[in-house]
Amino acid sequence: DSNGVEVEDSQMATQYLVYALRNDPDWKVRIRAGNLLGSRNEKGIPDTLLQAAENDSSLDVVKACMGAFSRITGYKSSGVFAYKQAKNWWLRNRENISSKFSEQVR
């Protein structure tokens, strides 16, 4: 954290990971944030991962976010970069799957 204290991955606040995924200039940090978000069954995370997959300039980040999206939603991808298909699937299945997620911590 900002105090120089080591924080376990599981202890990182969801809001911090979302911020890092959206804003950190280091693609490696964005990959890590995306991967960690893929273990959080919280509302809003799938949308965040899809948004990053659509907008990130790093193909490695896109790949990580699509993998994380698949892990938490059960989406079976036809390809790592099949963002549009994933988004359409999510729009059809969001309500049913999101009901199993906890509220996202802000």
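A crossing of two helices is called left-handed if the near helix is turned anticlockwise from the far one by less than a right angle. The legends below describe close-up views of a predicted model.

**View 1. Helix H3 passes helix H5 in a left-handed crossing.** The axes of H3 and H5 come within 10 Å and cross at roughly 160°; because angles over 145 degrees count as roughly antiparallel, the two helices are therefore roughly antiparallel to each other. On the H3 side the contact is made by Pro 46, Asp 47, Leu 50, Ala 53 and Glu 54, and on the H5 side by Tyr 83, Ala 86, Lys 87, Trp 90 and Arg 94. Sorted by class, the residues in this contact of H3 with H5 are 6 nonpolar and 4 charged, with no polar residues.

**View 2. Helix H1 and helix H3 meet in a left-handed crossing.** Here the axes of H1, residues 14-23, and H3, residues 45-55, come within 10 Å and cross at roughly 15°, and H1 and H3 are therefore roughly parallel to each other. From H1, the residues Thr 14, Val 18, Leu 21 and Arg 22 meet Ile 45, Thr 48, Leu 49, Gln 51 and Ala 52 in H3. The contact of H1 with H3 has, by class, 5 nonpolar, 3 polar and 1 charged residues.

**View 3. Buried residues of helix H3 and the elements that cover them.** The buried residues in H3 are Ile 45, Pro 46, Thr 48, Leu 49, Leu 50, Ala 52 and Ala 53. Their cover includes H1, helix H2 (27-37), H4 and H5. Of these buried residues, Ile 45, Thr 48, Leu 49 and Ala 52 belong to the contact with H1, whereas Pro 46, Leu 50 and Ala 53 belong to the contact with H5.

**View 4. Phe 69, Tyr 75, Trp 89 and Trp 90 form one aromatic cluster.** The structure holds 5 aromatic pairs. In the pair of Phe 69 and Trp 89, the ring centres are 6.1 Å apart and the ring planes stand at 85°, so the pair is edge-to-face. This pair links distant parts of the chain, with Phe 69 in helix H4 (residues 59-73) and Trp 89 in helix H5 (residues 83-98), 20 residues apart. Both Phe 69 and Trp 89 are buried. Tyr 75 and Trp 89 form an aromatic pair that is tilted, with 5.1 Å from centre to centre and 50° between the planes. Because Tyr 75 lies in the loop between H4 and H5 while Trp 89 lies in helix H5, the pair ties together parts that are 14 residues apart in sequence. The relative accessible area is 7% for Tyr 75 and 17% for Trp 89, and both residues therefore fall under the 20% that defines a buried residue.

View 5. Trp 90 counts as buried, at 1% relative accessibility. Leaving aside neighbours within four places in sequence, Trp 90 is in contact with Pro 46, Asp 47, Leu 50, Phe 69, Thr 73, Ile 97 and Ser 98. Among these, Pro 46, Asp 47 and Leu 50 also take part in the contact that H3 makes with H5, and Phe 69 is a member of the aromatic cluster that includes Trp 90. The C-alpha atoms of Trp 90 and Pro 46 are separated by 8.3 Å, although the two residues are 44 residues apart along the chain.

Terms used: Residues are numbered from 1 along each chain as its sequence is written. This is a predicted model: local features need pLDDT of at least 70, side-chain atom pairs count only at pLDDT 80 or more; totals for chains, interfaces and linings use all residues. Side-chain values use heavy atoms; hydrogens and water are left out. Axes are lines fitted to C-alpha atoms, for helices over the stretch in contact, and angles run from 0 to 180 degrees between N-to-C directions. Helices (H or I, at least four residues) and strands (E, at least two) are DSSP runs, numbered from the N terminus. Angles under 35 degrees count as roughly parallel, over 145 as roughly antiparallel, 65 to 115 as roughly perpendicular and the rest as oblique. Contact means heavy atoms within 4.5 Å. Ala, Val, Leu, Ile, Met, Phe, Trp, Tyr, Cys and Pro count as nonpolar, Asp, Glu, Lys and Arg as charged, and the others, Gly among them, as polar. Rings of Phe, Tyr and Trp (its six-membered ring) pair if their centres lie within 6.5 Å; planes under 30 degrees apart count as stacked, over 60 as edge-to-face and the rest as tilted. Buried means under 20% relative accessible area, exposed over 50%, partly exposed in between (1.4 Å probe, protein chains only).
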